[in-house]
Amino acid sequence: MALLRGIVKSSECFLRNPSVALQKGWNFELSYSAKKAVNIPPAPKKPLTAYMIFCKDNRKELLKQNPTLTSTEQIKKLAAQWNCLSLDMKEPYENKARESTVLYGEAHKRYYENLTEEQRQEIALEKAEKKEARRLLKLKKALKEAGVPKSPIPAYALFVQSQAKDKNIKDASEFIKAAAEKWKTLSDDEKKKFEEQAHKDKIRFNNEMEKWKKKMVAEGKDELLHRYEDLKGKGKTLDIEEVSKRVRAKKEVAK
């Protein structure tokens, strides 16, 4: 289902702007690593905790004795070993962690001092983007737990779902392109079936939303309801590229 949702979303993007869609590929949710400016040098790695240093030092020996352990089993065994250590036995790892923290602080200070003002601003913007994205993801999780109704599915998305059904899609980008082209060639009568389904789903959504809003008020969750309405009212999404545009626009206004 996750793959299908991604295909539907990408198909809608392709239908709106084919040239941009082909340049970006079928997955339009850009990762932070893909967006990161190439002119910013890599920052020093954060120091390991005492526990992580212990795991790093002892994982090899653990695997030597138990070569069939899965990653999860390794973590459990290493955690159990760490918890059994006395404070004196943990002390060497704690010392290493403290030394690493001091070295990291010095390295990070030198790193920041060597950055240009433009690079510092870019890093600050990326941090703001990530913070905004985390806030929206947290809101999405809270809404899901509160049982917010699923958004209505548009006619085109229903068409793409029908095209993807029972198909082993090997090349998503080719499938998206073909689906978009086929949708354009459909007659009004052929599209009518999907438009009627979309209309029914919209009615379903409106009815469920009305009940959900009343439920939120009755349960004293007015704040969550207001946050949801603010999100929808401003047309916000969880798309990272859109988050980036909003954050950067705010910074420009602040200047």
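This is a predicted model: local features need pLDDT of at least 70, side-chain atom pairs count only at pLDDT 80 or more; totals for chains, interfaces and linings use all residues.
Visitor: Which residues touch the most other members of the largest nonpolar core?

Guide: In soluble globular proteins, nonpolar side chains tend to be buried together. Here the largest nonpolar core holds 13 residues, and Ala-155, Tyr-156, Phe-159, Val-160, Trp-183 and Phe-194 touch the most other members. At least two residues of this core come from each of helix 8 (155-164), helix 9 (172-185) and helix 10 (188-218). Helix 8 contributes the most, with six residues. Apart from this core lies another, of 12 residues, including Leu-136, Ala-146, Leu-225 and Leu-231.

Visitor: How do helix 8 and helix 10 cross, and what residues meet there?

Guide: Their axes come within 8 Å and cross at roughly 115°, and the crossing is right-handed. From helix 8, Ala-155, Leu-158, Phe-159 and Ser-162 meet Phe-194, Glu-195, Gln-197 and Ala-198 of helix 10. By class, this contact comprises five nonpolar, two polar and one charged residues. Leaving aside residues up to four places away in sequence, Ala-155 touches Trp-183, Phe-194, Glu-195 and Ala-198.

Visitor: Which residues of helix 10 are buried?

Guide: An α-helix has 3.6 residues a turn, so residues three or four places apart point the same way. In helix 10, the buried residues are Lys-191, Phe-194, Ala-198, Asp-201, Phe-205, Met-209, Trp-212 and Met-216.

Visitor: What span does helix 10 reach, and what follows this helix?

Guide: With 31 residues, helix 10 reaches 44 Å from its first C-alpha to its last, close to the 45 Å expected at 1.5 Å a residue. Helix 10 is followed by Gly-220, which has a positive phi near 75°.

Technical notes: Residues are numbered from 1 along each chain as its sequence is written. Side-chain values use heavy atoms; hydrogens and water are left out. A nonpolar core is a set of buried Ala, Val, Leu, Ile, Met, Phe, Trp, Tyr and Cys residues joined through side-chain atoms within 4.5 Å. Buried means under 20% relative accessible area, exposed over 50%, partly exposed in between (1.4 Å probe, protein chains only). Helices (H or I, at least four residues) and strands (E, at least two) are DSSP runs, numbered from the N terminus. Contact means heavy atoms within 4.5 Å. Axes are lines fitted to C-alpha atoms, for helices over the stretch in contact, and angles run from 0 to 180 degrees between N-to-C directions. A crossing is left-handed if the near helix is turned anticlockwise from the far one by less than a right angle, and right-handed if clockwise. Ala, Val, Leu, Ile, Met, Phe, Trp, Tyr, Cys and Pro count as nonpolar, Asp, Glu, Lys and Arg as charged, and the others, Gly among them, as polar. The expected span of a helix is 1.5 Å times one less than its number of residues.
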